[in-house]
Each structure stands twice: as C-alpha cells, then as structure tokens.
Amino acid sequence: MPPADAHLMQAYARQSVSFVRGCGARLWDDRGVEYLDAIAGVAVANLGHAHPEVAAAIAEQAGLLLHTSNLFGIAWQERLGQRLCELSGMQRAFFCNSGAEANETALKLARLHGNRRKVKQPQVLVMENSFHGRTIATLAATGNPAVQRGFEPLLPGFLRIPYDDIEAARRAAGSTPDIVAVLLESVQGEGGVRTPSAGYLEALRALCDRHDWLLIIDEVQAGMGRTGTWFGYQHAGVLPDVITLAKGLGNGFPVGACLARGSAAELFSPGHHGSTFGGNPLACRVGCTVLDIMARDRIPERAATLGRRLLAGLREALGGHPGIVSIRGLGLMVGIELDRCCTELVGRALEEQRLLISVTRERTIRLLPPLVCEEAQIEDIVARLALLLNAGARPADRIHQEPAGRRPGPTAIHQPPMGATCTNRR
C-alpha cells in the first residue's frame, strides 16, 4: 500500500499526528488523544480552535454569498477595511489571501514609490534573520539562506542589514542613494522571537522621514493582538507607512491585508494590482467577526497579561537549566533559545507531553499559544516544557522534578462527543 500522502508534493516534514477536532487551546487526534496547543497553527488560531461565533459567521455567510469578484462592491470588505484602518492608523486597505501576498503587495507599493521618485533601480532595505514569505519576491526579501537555497537567481532590489542595528541602517542610507523603503517585522518570529531595542523603530521612522523612504512593517505573525497590542509597532508609538497582516486576522480562514497611509495609500490605480479571491464576502465577514470578538473580550490586553505569566513561569521553572541561553518574548510570542540544535523536541513534545511546540532557527523553541488560553493552560505549558527539557538533561543538570502547575497526563484520552459544539470563548 502506498503511504497516505503518496499523491502530495513532499514540501513539508510532517509529524505523524493528524488532528480531527479542536476546542480553544485543545486538539484531538484521530485516535481520540487530547493535546495542548502552544503554537495555534503558527499564530493563526488566536481565538482558539472552533470558536463558535466564528463558526456561526462562516456557516451563515456560506449560505448567503461566497464570491462575486472585486469587479463589484463588497460591503463586508468595506467594513473590514474601515475597522482595520481605525485600529492601525492607516487609511486604505488591499485584501488578499495570505501573508506572503500581503508582503508582495507592500513590495509593489515600494517599487511604485521608487518609480514616482524617478529611481531607476529601487532598493528595499531588509533585515537578517527575517521571514516574509515563500513567493519569489518575499523569498528574496527573507533573511534566511536555508529557505532561499535552490531558488537562485533571487529577485534583485534588496539590501540586507542586521536587525535592531540603527547604525547599519544609517550607513546604508549614506552609501546607497537608491533605497526607497525599509521592510521589517515588528518582532522577528521565524528569526527566533527577537524583539527590537527601545528606540529602534522610532529611529527608523525618523530615518525614513529624512530620506523619503516608506516604512513597511510586517505584522503577519506579531499582529492581531499577539504581542499585547493590536499591532507590534504600537509598543514603540510609531506609525508606519505600510503594514501587512494575515494569520490571526481570519483565525484559520485565509485572509490577508496590506494597509497604507499617506502617499503610499494613493499609489495603486486600477490595473496595478488585483486578487481573484482576495476580500471576498466570506473572508471579510470572518475578519469582522474576529475583530468584534477581540474588541469585546479585550483580547490584546489578555495576551499581554498571559504573556507576562508565561514568561515569568518559564523563567522560574527553566532558569536554572544549563542548556538555556535566553527566554524572551512579548505578549504570547515567546522564544526559548538553547545552546544546541533542538529540532527533535517538536516530536518528543507531541509524544511525551501531548504538547504542540515549534522550533525555529534550529535552536529556539517558539511558543505562540492561542490568546484565549486559560491561566491553568499557561501553567500547564510551563509544566510540560519543564518535564520535556528535564527528561533530556543529564541527571546532574536536571531542574526540579515537579514544576509549578499540574502534572500533565500525556496518555489521557478525553474527546468531546461527535457533533459537540466547542463552547470555549476564552
């Protein structure tokens, strides 16, 4: 018998688990085993799995209208655009289907901005260790040679500097007159959950103003409340020219957005850009529903509170572990950097602790739990991680055997009855 995925392109190194049901921060596999989700589909299911209000909006809108194309007015798109602009300080929105598409849109705005300035070879300043997507343009903007390998020649027009190094940006400004924009993440997610130093984004904003560059901030992973504010750049009090969104905007339903203000918001005219499925009634109604829930339940504030609890718990439980280099993060976007490659921990966490984690840049455990986690679930994430890391340590190096929080039962099976509705709203 051929394997079940015999007819799928081998683009993913999949784990052996297959999930069939979710509720809040919990998932069940096809054998009925329960897991605790500490990655939320890589920062997608911010409101948790199977949120009943999101599910109801999808069901109702699917019975009314899915798609008409952007050749006609779409009321839900107009509402979502207005809501996002009010929250972000932007003025106009373009809707697409993913973060990579949103970043492609932003890069096209940068090229148009450069051409309006009569720059023949416009350059975009990008960062080391960044991640912006896997299309040809966003791959070239990404600062990870491992994901670029084999796709050369990369698209030209990008100048790379270290993240969180304002002097490097100033040197680039002095040596490269063709720069037209800066593209960076407010928090580097794939790069190891790295946050900028105080004053960095403000200094970049001033540099962009001085040289007529667009400041483009990728909020695909850090946005939508994950860091404790609606958007990561709001911690610094700056206002970008362009931001990009996806992931948590649809809580699992594909929707992306590129928002802009000022002259950047006026660059596109009919024929410059488009998307067949982008901004359809279903996607935009889901986005509006997500915003409604987040505002009503004060989700960004909740993420800030839970994030402080998670960081404090991890530092208390793991602070004495000799293999840990750093525990860092902002809101519910947390990284635990080890002094070695730890990619095997993803599979071990699933098998031994029934816990979903990810490892990025080979050495950093990345935690992106749903923003609606209960406090006990945050403590449980800490407890399971402590047990996981303790199990791999030498006896003399082991941290205390019973970390704070209840001890997980990784072999426990608890599955809601078939057809049951998830009632977890927080």
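Residue numbers start at 1 along each chain as its sequence is written. In this predicted model, local features need pLDDT of at least 70 and side-chain atom pairs count only at pLDDT 80 or more, while totals for chains, interfaces and linings use all residues, and side-chain values rest on heavy atoms, with hydrogens and water left out.

**The whole chain**

Colour the chain by pLDDT, the predictor's confidence in each residue on a scale from 0 to 100. The chain mean is 93, and 92% of the residues reach 70 or more. Next, select residues 394–418, where the pLDDT is below 50; the model gives this stretch 52 contacts beyond near neighbours in sequence, a contact being heavy atoms within 4.5 Å. Where pLDDT is low, predicted coordinates should not be read in detail.

**The two domains**

Select 19–50 together with 299–391 for domain 1, then 52–297 for domain 2; such bounds come from an automatic or database domain assignment. Their C-alpha centres are 26 Å apart. At the boundary, 31 residues of domain 1 contact 34 residues of domain 2.

**Gln377**

Move to helix H12 (residues 375–391), which contains Gln377; helices (H or I, at least four residues) and strands (E, at least two) are DSSP runs numbered from the N terminus. Gln377 counts as buried because its relative accessibility is 9%, where buried means under 20% relative accessible area, exposed over 50% and partly exposed in between (1.4 Å probe, protein chains only). Apart from neighbours within four places in sequence, Gln377 contacts Ala25, Arg26 and Leu36. A polar atom of the Gln377 side chain lies 2.9 Å from the backbone nitrogen of Glu374.

An unreviewed UniProt entry lists Arg134 and Ser275 under "binding site"; UniProt positions follow the numbering used here, feature names are shortened, and annotations may be inferred rather than shown by experiment. Arg134 sits in the loop between strand E5 (123–127) and helix H5 (136–141). With 59% relative accessibility, Arg134 is exposed. Its contacts, leaving aside neighbours within four places in sequence, are Ala100, Leu139 and Val147.

Ser275 belongs to the loop between strand E10 (256–260) and helix H9 (281–296). Ser275 is buried, at 18% relative accessible area. Show Asn70, Phe94, Phe95, Cys96, Asn97 and Glu101, which Ser275 touches when residues up to four places away in sequence are not counted. The side chains of Ser275 and Asn97 make a polar contact of 3.4 Å (a pair of N or O atoms within 3.5 Å; within protein, one must be able to donate a hydrogen and the other to accept it, and residues adjacent in sequence count only if both atoms are side-chain atoms).

**A further annotated set**

Under "binding site", the unreviewed UniProt entry also lists Gly99, Ala100, Phe131, Asp218, Glu219, Val220, Gln221 and Thr276. These residues span 178 residues in sequence and their farthest two C-alpha atoms are 25.1 Å apart, so they do not all gather at one spot.

Select Asp218 in strand E8 (residues 214–218). Asp218 is buried, at 5% relative accessibility. Beyond residues up to four places away in sequence, Asp218 touches several residues, among them Asn103, Phe131, His132 and Thr244. Its side chain is joined to that of His132 by a polar contact of 2.8 Å.

Finish at Thr276, in the loop between E10 and H9. Thr276 is exposed, at 55% relative accessibility.
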